[in-house]
Every structure is written in structure tokens, then in C-alpha cells.
Amino acid sequence: MDQIENFKKEVKNRIASYQDNQRLKATAKDFMLESIKEKYSYNFSWLGRPIIQYPQDIMALQEIIWTTKPDLIIETGIAHGGSLIFSASMLKLTTGKGKVLGVDIDIRNHNKEAIMEHPLYKEGWIEMIEGSSIDQTIFDKIKSFAKSHSKVMVILDSNHTHEHVLDELKLYSTLVTKGNYLAVMDTMVEDFDDSLNHDRPWAVGNNPKTAVKEFLKGNDTFVINEQIDNQLLLSVAPSGYLLKV
């Protein structure tokens with residue numbers, strides 16, 4: 001047991017040391033810049049469905065779910081459905097129970113059909129709601145659904161404008177249970193040149209990271225898990241892994 005604990009301590013200390021390793025951090029930022037240009041995150045799938053995430057963030061979410069063992073994971077933004085499949089597979093592995101609830105303003109038919117054909121959907125792990133994540137009627141449905149679950153995690157990955165994400169944070173933070181996470185994806189928009197956003201409505205000064213900063217003002221319910229940032233180095237969600245304390 002001492003060897004196991006010593007290994008964990010070594011890992012923790014090594015991760016902490018990255019905070020002051022400017023060369024490593026600069027190299028990671030250079031890679032992020034070039035890989036974003038090349039749409040690197042579009043190259044990966046989870047159990048057959050495109051997940052559109054960096055492998056490092058997938059690993060972080062895996063560690064979070066294994067540790068916190070939620071029985072409900074709410075995701076705003078569905079796209080091809082890979083993240084829903086990932087979360088469902090983690091629930092099946094960690095506790096053998098629970099649900100993944102995805103909401104998207106536009107679930108394209110070819111994606112919906114592919115998700116519904118997946119074994120994890122057929123086994124009942126996944127449910128989907130079509131509509132805006134910040135529409136009060138939609139949120140009320142999700143809130144009602146969450147009442148029957150004791151450990152709730154939320155992943156925000158839909159519209160990435162400041163206003164939209166801030167509205168999501170205010171709503172969905174109320175559903176996250178103590179000791180679980182509110183993960184805000186694509187906070188990295190704040191850290192790179194606007195030319196990478198390809199005429200999207202979000203930009204430097206108007207993105208998930210600015211929304212997180214605003215949300216946390218005077219808020220002692222959530223804290224940023226900076227250890228995750230130091231651990232990953234390559235991430236679309238720096239300052240986006242919020243733990244409810």
C-alpha cells in the first residue's frame with residue numbers, strides 16, 4: 001500500500017511542478033494553436049461515434065466520472081453523439097446504473113438515427129431532448145428529470161457565446177450535486193486569436209471562459225480544479241472544470 005500511495009504522491013507532485021514549467025506550457029500552447037487550425041479534435045471517435053474532443057479532455061472526464069460516480073450526466077450540445085456514448089459507457093462501467101441526458105437545439109436526423117442505433121442507447125443509457133438548453137420549458141423538463149437522481153454532473157458544450165454559457169451556468173449549476181463537476185468546454189477560445197473561430201459568434205472577450213469568470217464572481221459554491229489544468233496541458237477547457245464544494 002505504501003508503494004501505491006508513494007506513486008500517487010509522485011504523480012501529484014509532478015503535476016504541480018508543471019505550473020512553473022514555462023517551456024512545457026509554451027510548447028503545449030503552440031501545439032494547441034497548430035492543432036486547432038488543423039481541426040485535430042475531429043479525428044477521434046468513442047465506440048464508433050465521432051466525439052470531437054481532445055484525448056486529454058476525454059481522459060480528464062474519465063477520471064472525474066470514475067472518482068465522483070454520478071448517476072446522471074447532463075450534456076448540452078450533442079453533435080455526432082460521441083460524448084453521449086462516452087458518458088454512457090462510463091456510467092455502465094463505474095456504477096452500472098444511471099442516465100445520460102443530452103439536449104441540443106438541432107439534433108440532425110442522421111446523427112439522431114446513428115445514436116439511436118448504438119447498443120448503449122438501445123440498452124437505455126441515453127435520452128435526448130431537442131430544444132435550446134436555456135429555454136425555460138426545456139430546462140424545467142431537465143430539472144424534473146434530475147430530481148430522481150442523487151449525483152448529478154453537467155457538461156456544457158453547446159453555443160459558446162458569453163451570454164449563452166452564462167445563462168447555462170446559472171441554470172445548470174443548480175442541478176449539480178455537491179462533490180460533482182460542472183465542466184465548461186471550449187474556454188480556450190479566450191486564449192487564441194479570433195481567426196481560429198471561423199466567423200463563429202464567439203470570440204476573445206465573448207466566450208465560455210469569460211462566462212466562467214463572471215459566474216464565479218462572489219460564488220463560493222464552485223471552484224476551478226487547477227490541478228486538472230496542470231495535468232492536461234493540452235485542453236479545450238482550461239479553467240473549465242468546476243467542482244461543486
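This is a walk through the structure above, from its overall form to a few local details. It is a predicted model, so local features are given only at pLDDT of at least 70 and side-chain atom pairs only at pLDDT 80 or more, while totals for chains, interfaces and linings use all residues. Residues are numbered from 1 along each chain as its sequence is written, and side-chain values use heavy atoms, leaving out hydrogens and water.

Let's begin with the whole chain. The protein chain holds 10 helices and 9 strands; these are DSSP runs numbered from the N terminus, with helices being H or I of at least four residues and strands being E of at least two. Its radius of gyration is 18 Å, close to the 18 Å from the globule rule for 245 residues, so the chain is as compact as a globular protein of that length. Here the radius is taken over C-alpha atoms, and the rule is 2.2 Å times the number of residues to the power 0.38. Along the principal axes, the C-alpha atoms fill a box of roughly 50 × 45 × 40 Å.

How much of the chain is buried? Buried residues make up 46% of the 245, where buried means under 20% relative accessible area, exposed over 50%, and partly exposed in between (1.4 Å probe, protein chains only). Contacts, meaning heavy atoms within 4.5 Å, tell us about the fold too: of those with a separation of 6 or more, 72% join residues 24 or more positions apart.

Because 7 of its 9 residues are buried, H9 is largely enclosed by the rest of the structure. Those buried residues are Pro208, Lys209, Thr210, Ala211, Val212, Phe215 and Leu216. Their cover includes helix H8 (162-172) and the strands E7 (181-184), E8 (222-224) and E9 (241-244). At the start of H9, a side-chain oxygen of Asn207 comes within 2.9 Å of the backbone nitrogen of Lys209. Just after the helix, Gly218 adopts a positive phi of about 70°.

The loop between H8 and E7 holds Asn180. Asn180 is buried, at 2% relative accessible area. Leaving aside residues up to four places away in sequence, Asn180 touches Thr68, Pro70, Lys151, Val152, Leu242, Leu243 and Lys244.

Now for the rings. The structure has 6 aromatic pairs, counted when ring centres of Phe, Tyr or Trp (its six-membered ring) lie within 6.5 Å; planes under 30 degrees apart are stacked, over 60 edge-to-face, and the rest tilted. One of them is the tilted pair of Tyr40 and Tyr54, 5.1 Å centre to centre with 55° between the planes. This pair links distant parts of the chain, 14 residues apart: Tyr40 sits in the loop between H2 (22-37) and E1 (45-46), and Tyr54 in the loop between E2 (49-50) and H3 (55-68). Tyr40 is partly exposed at 23%, whereas Tyr54 is buried at 2%. In Phe139 and Tyr172, the ring centres are 5.1 Å apart and the planes stand at 80°, so this pair is edge-to-face. Phe139 in helix H7 (residues 136-146) and Tyr172 in H8 are 33 residues apart, and both are buried. Ring pairs also join Phe31, Tyr40, Phe44 and Tyr54 into a cluster.

Finally, look for charges over rings, where NZ of Lys or CZ of Arg is within 6 Å of the ring centre and within 35 degrees of the ring normal. Lys29 lies over the face of Phe192 at 5.7 Å from the ring centre, and Lys39 over that of Tyr42 at 5.9 Å.

Technical notes
Polar contact = N/O pair within 3.5 Å; in protein donor to acceptor, adjacent residues only side chain to side chain.
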